[in-house]
Amino acid sequence: MDQRSRDRIHWHCRRGLLELDLVLERFVARHLDTLTAGQTEVFKELLAYEDNDLLDMVMGRAEPVNESLTAVLEMMRTV
Amino acid sequence: MGIARRQFDAVVVGAGGSGLRAALQLAESNLKVAVLSKVFPTRSHTVAAQGGVSASLGNEEPDNWHWHMYDTVKGSDYLGDQDAIEFMCRKACDAVVELEHYGMPFDRLDNGKIYQRPFGGHTSNYGERAIKRACAAADRTGHAMLHTLYQRNVRAHTQFFVEWMALDLIRNQQGDVLGVVALEMETGEVMILQSKATLLATGGAGRIYSASTNAFINTGDGLGMAARAGIPLEDMEFWQFHPTGVAGAGVLITEGVRGEGGFLLNKNGERFMERYAPTVKDLASRDVVARAMATEIKEGRGAGKDGEYILLKLDHLGADVIDKRLPGIREIAKKFANVDPATDPIPVVPTCHYQMGGVPTNVQGQAVMPDGKGGEKIVKGLYAAGECACVSVHGANRLGTNSLLDLLVFGKSAGQQVVKDIAAEVVSMPDLPADAADKTMARLTRLDTATTGERVSDVGGEMRRTMQAHCGVFRFPDSMAEGVKKMLAVAERAKSTFIQDKSKVFNTARVEALELDNLIEVALSTMISANARQESRGAHDRSDFPNRDDKNWMKHSLWFKDGNRLEYKAVQLKPLTVESFEPKARVY
């Protein structure tokens, strides 16, 4: 992944909720470099969710409607 | 001048609650409006507001705006301007009903009216007993509000500039504000957005502290812009803190934990609240608990490697009770503190939450500043609303649920005033001075060409640590004096920041360096205003001046970037139509 794509993702991790800022910062630091192309797309899809909906999924209070998101979401839950 | 230029009737900087409410007023008046936001509007920090928005609807029990006004004046510890507080409390019901008509999904009573719940500091009959005044949409009030306002703006054809960062205000020789210089992150290009009216709605700047509940975007961009343009910042020493945020993270641990029997320990395992509040102990009010925690840390009894935090113990409650009575706490503690509170204590510190100060405005949202002759003048073309403004309704301490009310009422009134000023040609499209963007371009050029210098993260870290240690929830004289010296040194270092990545296209390192410039202005204004104010009032709590001093200090601070100069202005004790609430001791 080039620096520009990284920066774009990095910026889309800036959220309205501190909890998400912290989880996403950790996730990017630990996993972004080793995500497959498919996982990166799923991650971007997750980032498109509204803050509170995404936080509910990250905290395990809600499950994604789309099962294809589960694997990457699980990485976010345990980061 | 080779910089691209576009013209608008109004430019709104920030797309949280106040920016969206103001923009709606403008767009519905068919003005050409540009709203700039660093992030997508519905990801603004307003989404974090859970509690509600207060209005004396009286749906649950009798209520009136005058009681709400009393609570707000008292809550402000008599630093709030009573004209502005009357204005806000009188308009609260209309603001809430209007929002409901926009489609805001407020919780309802069986009879169909808006449900209301009690909230700290809100009372019936001038302090007699708690009252149900907060209107909410479950625990997502801010989220619902932001979505409602955003969708309404889309309907009104508001033009959004998403992932744009405003960098500086443009002022001419007369001091009128003519628009902003802004950065489009996608291209890295700088553009002048020329406008008849510029409205700052950039929210708070809680990221000046290492312990903060604020999202990373809360970097006080509007405050930095105002300060660099020679406009003072008002009452910046007043920041609301929450006693128990997770150390090193900022995520709040609800006060319910102590309500259910959790208590605080220092590094020696001592339940120290017994010394500070022998009767109620850990259930003492927020400020008492936060002050005790800060004292323990200051006197070397904090836990952790550097003695930097306090321990919140609740394992004695047992896993079952914790799960049942405090749902979600274990998940939060595990995720953000890396401990399971069913077996280990949670490291906590007093954590910065809300900024009471900001750009000085009147109730119409017009920015105001001293005229140099003992009076006050309007800064033509500049308006501000919400957390970045200081009107001042919160004074020295904000009442819960008044922040959402503030952004609705003053977002709208600022928008209305812009419409009026444009119609009356009080403000018009001015000629730009030849050097309109020079200072901004010089700042960018330095950053883009510097080959060595200070790392942004290093300087930011030093600023946050300095503010936390020297200007936190409880303030000690020797420590504050040292804090001023340190912050001046940090501000010097910030002048020579350096970024490795020189690309223009979507360069977040560049954005973060520019955000730091804004944070530094906020931190300096806070440190210097706090050091000068020799009293304790509301959220400004000094060990050497433990009492409120109405004789000498019932006045607003105004900090000017130029020379770190301070001026003061009187608190407006006279409301618009009713009698003044005379200062009394603030006891609950």
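**Close-up views of chain B**

**View 1. Strand 4 and strand 5 of chain B pair in the antiparallel sense.** This is a predicted model. Five bridges join the two strands, and strand 5 covers residues 129-135. Strands of a sheet pair through backbone hydrogen bonds, either parallel or antiparallel.

**View 2. Three strands of chain B form an open sheet.** The strand order is 3-5-4, with antiparallel pairing. Which strands are the edge strands? They are strand 3 (53-54) and strand 4 (116-124) of chain B, and each pairs on one side only. Helix 2 (residues 65-75) of chain B packs on this sheet. Helix 2 touches strand 3, strand 4 and strand 5 of chain B. The direction of helix 2 makes about 60° with that of strand 4.

**View 3. A cis peptide bond links Val391(B) to Ser392(B).** Its omega is near -5°. Ser392(B) sits in the loop between strand 18 (389-390) and helix 11 (402-423) of chain B.

**View 4. His157(B) has a positive phi, near 65°, and is not a glycine.** Look for His157(B) in the loop between helix 4 (141-155) and strand 6 (159-162) of chain B. Is His157(B) buried or exposed? His157(B) is exposed, because its relative accessible area is 68% and the cut-off for exposed is over 50%.

**View 5. Phe506(B) also has a positive phi, near 35°, in a residue other than glycine.** Phe506(B) lies in the loop between strand 20 (497-498) and helix 15 (508-532) of chain B. Phe506(B) counts as buried, because its relative accessibility is 0% and buried means under 20%.

Note on methods: Residues numbered from 1 in each chain as written. Chains lettered and ligands numbered in written order. Predicted model: local features only at pLDDT ≥ 70, side-chain atom pairs only at ≥ 80, totals over all residues. Heavy atoms only, no water. Pairing = 2+ DSSP bridges. Helix = DSSP H or I, 4+ residues; strand = E, 2+ residues; numbered from the N terminus. Contact = heavy atoms within 4.5 Å. Axes fitted to C-alpha atoms, helices over the stretch in contact; angles between N-to-C directions. Buried < 20%, exposed > 50% of the residue type's maximum accessible area, 1.4 Å probe, protein only.
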